[in-house]
Number of protein chains: 2
Amino acid sequence: MRLSRYYIPTLKEDPSDAEVVSHKLLMRAGMIRKVTSGIYNYLPLGLKSLNKVANIVREEMNRAYALEVLMPMVQPGDLWRESGRWDFYGKELLRVSDRHGRDYCLGPTHEEVVTDLVRGEVKSYKQLPINLYQIQTKFRDEIRPRFGLMRGREFVMKDGYSFDKDEAGAEESYRLMFEAYKKVFSRIGLRFRPVQADSGAIGGDFSHEFHVLADTGEDTIAVCQNETCGYAANLEKAKVNAPAGECACKAECPAIEEVATPGKHTVEEVCAFLEISADKLIKTLLFKVDGEPVAALVRGDREVNDVKLRNMMGGNEIEFALEDEVKEWTGAPVGFAGPVGLKVKRIFADHELCASTDWVAGANKADTHIKHLSLGRDCKIEKFADLRVITESDPCPDCGGKIEFTKGIEVGHVFKLGEKYSKKLEATFLDENGKSKPMVMGCYGIGVSRIVASAIEQNNDESGAIFPPSIAPFEVCMISLGGKDEAVNEKAAELYEKLMEMGIDVAYDDRAERPGVKFAEADLIGYPMQLVLGGKGLKSGIIEAKNRKTGEKIELPLEGFAEAFTSWRAEIWQSWGLSL
Amino acid sequence: MRLSRYYIPTLKEDPSDAEVVSHKLLMRAGMIRKVTSGIYNYLPLGLKSLNKVANIVREEMNRAYALEVLMPMVQPGDLWRESGRWDFYGKELLRVSDRHGRDYCLGPTHEEVVTDLVRGEVKSYKQLPINLYQIQTKFRDEIRPRFGLMRGREFVMKDGYSFDKDEAGAEESYRLMFEAYKKVFSRIGLRFRPVQADSGAIGGDFSHEFHVLADTGEDTIAVCQNETCGYAANLEKAKVNAPAGECACKAECPAIEEVATPGKHTVEEVCAFLEISADKLIKTLLFKVDGEPVAALVRGDREVNDVKLRNMMGGNEIEFALEDEVKEWTGAPVGFAGPVGLKVKRIFADHELCASTDWVAGANKADTHIKHLSLGRDCKIEKFADLRVITESDPCPDCGGKIEFTKGIEVGHVFKLGEKYSKKLEATFLDENGKSKPMVMGCYGIGVSRIVASAIEQNNDESGAIFPPSIAPFEVCMISLGGKDEAVNEKAAELYEKLMEMGIDVAYDDRAERPGVKFAEADLIGYPMQLVLGGKGLKSGIIEAKNRKTGEKIELPLEGFAEAFTSWRAEIWQSWGLSL
């Protein structure tokens, strides 16, 4: 593409509403423009990158026997009522009535539509498995859209759904998608990590998120540093093993005793006042799990993992108790809850608490705590279990190795849905014995537009973005410094044609701009390779070639250019971990 | 693609709600499925065809220097208020409020968004022209969606918008798009016709519709049969020249005379009662043009063309007078309006009426008409002009040749918008003299999903669809009759691989179905080429090749297959008017 015929409205300044680097650079490089909060136009350069990502996704999906379809953006409310999500989904679901007053929503996801499609067609186990995907525009009415393409309201997603006749089939479909996702992210050229994620009621290891690693990521993932182990999980999911050794919760302990802690509500305040460290104190958190009151105990220096608590109880929904409920259940203001005398029947404790005794805890009485609490003696714990959020000082649950926290951007998710939708929407088939069964489903998402942003989050410097060659808007930018020198411009035009013939996706900056402007814009946009043609170089028969990532410059000879360029190009792809 | 791994849920019966052949066959061939009224899923086969159309459109747009972007489906109401269309567009515009109560609409078209985008970036004439297009899902809340993909609510469209610094530039942009559209439809392989269409306030010949010719088309177009002329226009636009010869409207005529026509309201009733032919009677139609009362006179056997009337008056909106208005303006019930004594100041007559005198017309009095009306003598006609709808007995307005009516399906439209949106949205630039001017715009649409349907409307037979090879879901279907004969199946697999290597988009029907089922489905889906491998043929070293369109079968030798196939394929493409 000759840039004189192209449209790249770059900006000199960061837009005032841009908080993260990808948002700033996508705007400054003329790749996107804001229409309104969380809604963007993709300009030619941005769309080109988006389409390259989409094509890699498409190729790997097709290779894994998934079939591409296109489902509608506007979905009937009735299908969402059937699944129960019409009432459950909340305000992110944008609802709309048509001219006849019928309900619709803009699809944030397509489980209902795809299940409705398949239930209409599939009658027999012989027609299974089926795996359908689409690359499509989605809408979620985020309460606070921000970060440009990272968390928009309208965005492009690949969403796929598999239908199998049994668990074994569903697990094989899951495995195929898991492997395909690894190939997708490898081919895109980003440093990524599949991490275990919560699989809710399904259980098992059938939920993985794929994270692009970037310091600016919003998510934290726990990664084992032992390379042969490879354990990685998000914080919701990451297991903490029970401490080694005998249970100490019934060990000897002085008699329980009340202590006045006037106005001391927080762990910090109580510990300072009583001159103890937080690991000597028990924190009592109150929840409702599917409406039932529940208490969870963890050490003062730990955090309760509510997802673990909910899953252990086999619940669907977990909420913090409201202030009034806390008061009712404890008989005290907020800040003085404890396991002794609590009007909550079900009390669970993190298994770490089993390893010690003689605790401090709230007394369920205003301005009062208790000392010398023995969990085995003074109260009834229904179960000791893994209930807390992992920390970097915990060992890896698989190998005991060192856990480190890393920041990631979630760009993909594979998930075994089981029979959740097929039961509600009655998507059944006749099995080998003529028995009607619900299909076993899986769902698989990739945030296509988010990948473009996360590529920049992971790869940028003070001059601008640095795109992996596989998804760069153009792989090569050729800059002519000829100005009005016809000999240089002719040579440049010739070389441009040659690169096109070689099948290279090249931008030829033939604009009447100063060299400094051209260099700065090429760096800003982040084409991985730059070729510079100047009068001086031409005379000596050379072209300057710059690797945007390393800044390294080499000289390519005009004589035998194709060969020299091809080998330089292969090196650059290789340096991104990519093969041509 | 091996069909054993594919998903083509064919239907034996026509769906009950399908009225047109494309809807029936798209459903039966497993290409689409209905989600709800006017909203469809594209199944793998349907999406493949859709994408082939989209790619041809994309290539020709790019070649004509249009740049691809992607604008959002959800658009802010405020932009539509700026253009004035928020109130004007009516119920086809699906409006929605977000969680914060802000107004949005689902984009039926993108003039507002694209003008907003360009006004934010373009400051100088040096940045013009710009031509941006997108291939995107649109939504129009049709009151009565029907005919499958022909008139859906959610559909795929290519819409493009050009911005120029002056009229000459806008006309050149228009011309480029007009030529590109001709290439698009030629490459798709459909019989089509660009026809002149109404360009409203813009005037001139800057509105063309592209119609796929099909007997089942909803639109009627007037086409000159003189091939060297080539005149073609839609009925709104088609000119009717003034009759040759002198004006006769002031010619001698007996004195005007009332005649009782009790209960005779319609042209037919009056003519039968008075025993005259309809061409002796004047029909008086009453309108409001931008709110102003207007009468239009045409011969009893003609139809008023309200678009011509509106354009002649330079109006924006034309409506029929309501019943109460007719009564007020005529002083009589509906059915007795006439030009004499009418309380409407502006009366226009079709120029054909100038060629004769001694007319019958309504008397503006219940149950009464007048005879011996002379338009030149008895009433005041503001202007005689071309005001009626063309008929097949009218001569071609350009060459006098024979006009015939043809049915067409509108699949494209190129239109010079002028300054309509740029003025309202203040999309201005500084010209060569530093003067601020509104940009001159054009807009260009192609109904991508509608093309898939119209290809079937134009090409089908009792066995099913017949796709042009350029947009067929697969170009070739290879059917193995091997059953359990491993030798045949091996040979088939080998040939399939060979075709894939040759870059042929081939479906290999390797399913365990009876031959009859495979043949019927291949015909139903309408792959343009079929290759049949049977045990018998294989022994004699031949493969049967069938041209779906003609039904013609030939034998291709296994020895030297590639060459023989390539030449047969080229012939088939050629028979569709396509080059490879």
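**Close-up views of a predicted two-chain model**

Figure 1. Chain B is superposed on chain A by a rotation of 180° with 0.1 Å of shift along the axis, and the RMSD is 0.1 Å. The two copies are therefore related as by a two-fold rotation axis. Both copies use the same surface, since 100% of the contact residues of chain B recur in chain A.

**Figure 2. The interface between chain B and chain A.** The size of an interface is often expressed as the accessible area that is lost when the parts come together. Here about 4,600 Å² is buried between chain B and chain A, and carbon and sulfur atoms give 64% of this area. On the chain B side, the residues that lose the most area to chain A are B:Y7, B:L70 and B:R99, which together make up 17% of what that side buries. The contact comprises 49 residues from chain A and 49 residues from chain B.

Figure 3. Side chains of opposite charge can pair when their charged atoms come close. Four salt bridges are found across the interface of chain B and chain A. One salt bridge joins the side chains of B:R153 and A:D98, with an N to O distance of 2.9 Å. Between chain B and chain A, 16 residue pairs are in polar contact, counting pairs with both residues at pLDDT 80 or more. Strand β2 of chain B (residues 39-42) gives the most to the side of chain B that touches chain A, with four residues. By class, that side of chain B has 32 nonpolar, 13 charged and four polar residues.

**Figure 4. The domains of chain A.** Chain A is divided into three parts: domain 1 (11-238 + 404-456), domain 2 (257-385) and domain 3 (474-575). The C-alpha centres of domain 2 and domain 3 of chain A are 66 Å apart.

**Figure 5. A salt bridge between two strands of chain A.** Over all chains, the count of salt bridges comes to 103. In chain A, the side chains of A:R346 and A:E292 meet in a salt bridge with an N to O distance of 3.1 Å. A:R346 belongs to strand β17 (residues 346-350) and A:E292 to strand β15 (residues 292-299) of chain A, so the pair ties together parts that are 54 residues apart in sequence.

Figure 6. Most peptide bonds are trans, and most residues other than glycine have a negative phi. The peptide bond joining A:L128 and A:P129 is cis, with omega about 0°. A:P129 sits in the loop between α5 (111-119) and β7 (130-139) of chain A. In chain B, the peptide bond from B:L128 to B:P129 is cis, with omega near 0°, and B:P129 lies in the loop between α5 (111-119) and β7 (130-139) of that chain. A:D367 is not a glycine but has a positive phi of about 55°. The loop that holds A:D367 runs between β18 (359-362) and β19 (368-373) of chain A.

Notes: Residues numbered from 1 in each chain as written. Chains lettered and ligands numbered in written order. Predicted model: local features only at pLDDT ≥ 70, side-chain atom pairs only at ≥ 80, totals over all residues. Heavy atoms only, no water. Contact = heavy atoms within 4.5 Å. Buried area = accessible area lost by both parts, 1.4 Å probe. Polar contact = N/O pair within 3.5 Å; in protein donor to acceptor, adjacent residues only side chain to side chain. Nonpolar A, V, L, I, M, F, W, Y, C, P; charged D, E, K, R; others polar. Least-squares fit on C-alpha atoms with pLDDT ≥ 70 in both. Domains from an automatic or database assignment.
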